[in-house]
Amino acid sequence: MLFFMGSATGNGIEAARDLLMADADRFDDSRCSFFGITIDTDDHVAGRVKTRLPGIRYILDSDRAVSQAYGACSPDSDHYEPYIIVLDRQLRVAGRYHLPDAGKALALIDRLTREGKPEDWAPVLSVPRVFDRATCQRLIDLYEAEGGRDSGFMREVDGKTVSVIDHGHKRRSDVTIRDEAFCRALSARVNHCLRPVIQRAFNFDATRMERYIVACYDASVAGHFRAHRDNTTMGTAHRRFAVTINLNDDFDGGELRFPEFGTRTYRPAPGGAIVFGCGLLHEATPVTRGRRYAFLPFLYDDEAAAQREANNQYLGEGVGAYRQ
């Protein structure tokens, strides 16, 4: 649900917002998410709006770019038309409502939520036994020996792809594998086990692999990665497929979910892989017990390699080395 408010003090806004938030627990990022869009800086400064995670977020649209894109205002007019828009799981517009019809927007939300079937499958591949137990343990031991560093996520800032740390969005620690012989062995295994399957399923020849890291989601800090896509910046646009290879199973939580395709979660057995297109919205749910270790490369092809080379100019300082 997108609520284009203009300002929290606007005419009719408070009444509509009170109605929408009467049962705020419906907005939990699993069933539904709420985004309030305001162009009034004072809404945030004065505390008139407040993000509550999971589920409820307020966005300051100070340049009106979002509001203009959705038709709440136009570049050549100061007029702002508040309204509510409901998007379905595939982010298609399911309904658009003026403030007096806020109740109808809620009814649509509830109907769409009921329509979502937990058994719906996302377009992902599940491939068992990519790594053997010994390889999984070696990767875990490598992480434990070196200790991880806080892992950011890529965002476009002033035309550059930079790494951003935001623990509300992502909490994970990574170790980069620097043993070149070990990296070659890991690449060979991925090439042997995953490349043929991806070619059969998606008619795509994954000839290149990016990033050799061991990632750790730790329950002690509620390790997680909220819904995101892996190819949305100039520095990551070349990525075609993401791979998650779990290295252990003595943890709770930490499952993959693809919100555009339902609430089903995916959790490969140790050594097994989940492979999916980098354009799919996905999240790693919070780890609630233990530590989840995973090997997380990206795959692409020779054509995308040329795109990557051309886009290196858009990388922020220090991003290129980590992106490996």
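Visitor: What makes Leu2, Phe4 and Gly6 a separate group from Phe3 and Met5 in S1?
Guide: Direction. In this predicted model, Leu2, Phe4 and Gly6 point one way from S1, while Phe3 and Met5 point the other way.

Visitor: Why is strand S1 (residues 2-6) called mostly covered?
Guide: Buried means under 20% relative accessible area. Five of the five residues in S1 are buried, so the label follows from that cut-off.

Visitor: How do you know that S1 pairs with S2 and with S4?
Guide: Count bridges; a pair needs at least two. S1 has four bridges to strand S2 (residues 34-38), running parallel, and three to strand S4 (residues 83-87), running antiparallel. Therefore both count as pairs by that threshold.

Visitor: Over to the five-stranded sheet: why are S10 and S18 said to stand at the edges?
Guide: The order is S10-S14-S20-S17-S18, in an open sheet with antiparallel pairing. S10 (170-171) and S18 (265-266) each have a single partner strand, so one side of each lacks a neighbour in the sheet.

Visitor: How do you know that S10 really pairs with S14?
Guide: Two bridges join S10 to strand S14 (residues 224-228), running antiparallel. The threshold is at least two, so the pair qualifies. Lys170 stands opposite Phe225 in S14.

How values were computed:
Residues numbered from 1 in each chain as written. Predicted model: local features only at pLDDT ≥ 70, side-chain atom pairs only at ≥ 80, totals over all residues. Heavy atoms only, no water. Buried < 20%, exposed > 50% of the residue type's maximum accessible area, 1.4 Å probe, protein only.
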